[in-house]
Amino acid sequence: MKKRTVCLIALMSAMTMALTGCSVGNSVDNSAEAANVDGVSIPLGEVNFYLRYQQTQMAMYSGYFGEDFMNQDLMGTGSIYGETVKDTVMQTLEEYYLVEAHADDLGISLTDEDKDAAATAADAFLAANDSKTLEAMSADKETVAHVLKLMALQNKAYPVSYTHLRAHETGRNL
């Protein structure tokens, strides 16, 4: 887990440099509620961070689809790809928060080693990026570490069926 987290942060650090000029002058209220899952607020700062992370992942596709691919309807759905990515980020974070809220029900938890690895990786990420990049990504230690912990929980939940989580979310029996 620790090695994967450090590798993930190294990749994120390298790719975030492309974001530095994308949000000059934009300010995000990181504590504002972006969504609410089971009564738990998802902070806008975490949404912005995870979205920016996804944008860095997508940047490598510009060679295949062109520089403006995020503003194109690549899927033929009538929605530009950038909007699809935003929707997917929100769905993913909502799922992460559901997993976190129901971790006990799923029989999963983070070990002290997992928590330490997330904190260490967050520190490395913060040290590897300049303040302009960190501000554009809403990246502070708490945000980065929490998103990494959510990702780690999701990885532990992956083998577990979340049919009952979806049923709980929608109020339906699946």
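**Salt bridges, burial and strands**

Guide: In this structure the side chains of Asp123 and Lys141 meet in a salt bridge, at 3.0 Å from N to O. The pair links distant parts of the chain, with Asp123 in helix α6 and Lys141 in helix α8, 18 residues apart. Please keep in mind that the model is predicted.

Visitor: Why is the meeting of Asp123 and Lys141 called a salt bridge?

Guide: The term asks for a side-chain nitrogen of Lys or Arg within 4 Å of a carboxyl oxygen of Asp or Glu. Asp123 and Lys141 come to 3.0 Å, N to O, and because this lies within 4 Å, the name applies. In general, side chains of opposite charge can pair when their charged atoms come close.

Visitor: Why are Asp123 and Lys141 called partly exposed?

Guide: Buried means under 20% relative accessible area and exposed means over 50%, with partly exposed in between. Asp123 has a relative accessible area of 36%, and Lys141 has 38% relative accessibility, so both values fall in between and both residues count as partly exposed.

Visitor: How many salt bridges does a search of the whole structure find?

Guide: The search finds 3 salt bridges. One of them joins Asp114 and Lys156, whose closest N and O atoms are 2.7 Å apart. This pair, too, links distant parts of the chain, since Asp114 sits in helix α6 (residues 112–128) and Lys156 in helix α8, 42 residues apart.

Visitor: What makes Asp114 buried, and what does Lys156 count as?

Guide: Asp114 has a relative accessible area of 6%, which is under 20%, and therefore Asp114 is buried. Lys156, at 30% relative accessibility, falls between 20% and 50%, so Lys156 counts as partly exposed.

Visitor: Why are Lys86 and Glu83 said to be separated by about one helical turn?

Guide: Lys86 and Glu83 are 3 residues apart in helix α4 (residues 81–101), which means that about one helical turn separates them. Lys86, with a relative accessible area of 41%, is partly exposed, and so is Glu83 at 34% relative accessibility.

Visitor: What makes the reach of α4 close to the one expected?

Guide: The expected span is 1.5 Å times one less than the number of residues. For α4, which has 21 residues, the expected value is 30 Å, and the helix reaches 30 Å from its first C-alpha to its last. Among the buried residues of α4 are Tyr81, Val85, Val89 and Leu93.

Visitor: Why are β1 and β2 treated as paired strands?

Guide: Two strands pair if there are at least two bridges between them. Asn36 stands opposite Ser41 in β2, while Glu33 has Pro43 in β2 as its bridge partner. The hairpin has 2 residues between the strands, and in this hairpin Asp38 takes a positive phi near 50 degrees.

Visitor: What makes Met60 part of a nonpolar patch on the surface?

Guide: A patch of this kind takes residues with over 30% relative accessible area and no salt bridge, with nonpolar side chains joined within 5 Å. Met60 stands at 47% relative accessibility and counts as partly exposed, so Met60 passes the 30% limit. Together with Tyr61, Tyr64 and Phe65, Met60 forms a nonpolar patch of about 470 Å² of accessible area. The place of Met60 is in the loop between α2 (44–59) and α3 (62–65).

Definitions and conventions:
Residues numbered from 1 in each chain as written. Predicted model: local features only at pLDDT ≥ 70, side-chain atom pairs only at ≥ 80, totals over all residues. Heavy atoms only, no water. Patch = residues over 30% accessible without salt bridge, like charges linked within 9 Å, V, L, I, M, F, W, Y side chains within 5 Å. Areas by Shrake-Rupley, 256 points an atom, 1.4 Å probe, with all protein chains shown as cover. Helix = DSSP H or I, 4+ residues; strand = E, 2+ residues; numbered from the N terminus. Buried < 20%, exposed > 50% of the residue type's maximum accessible area, 1.4 Å probe, protein only.
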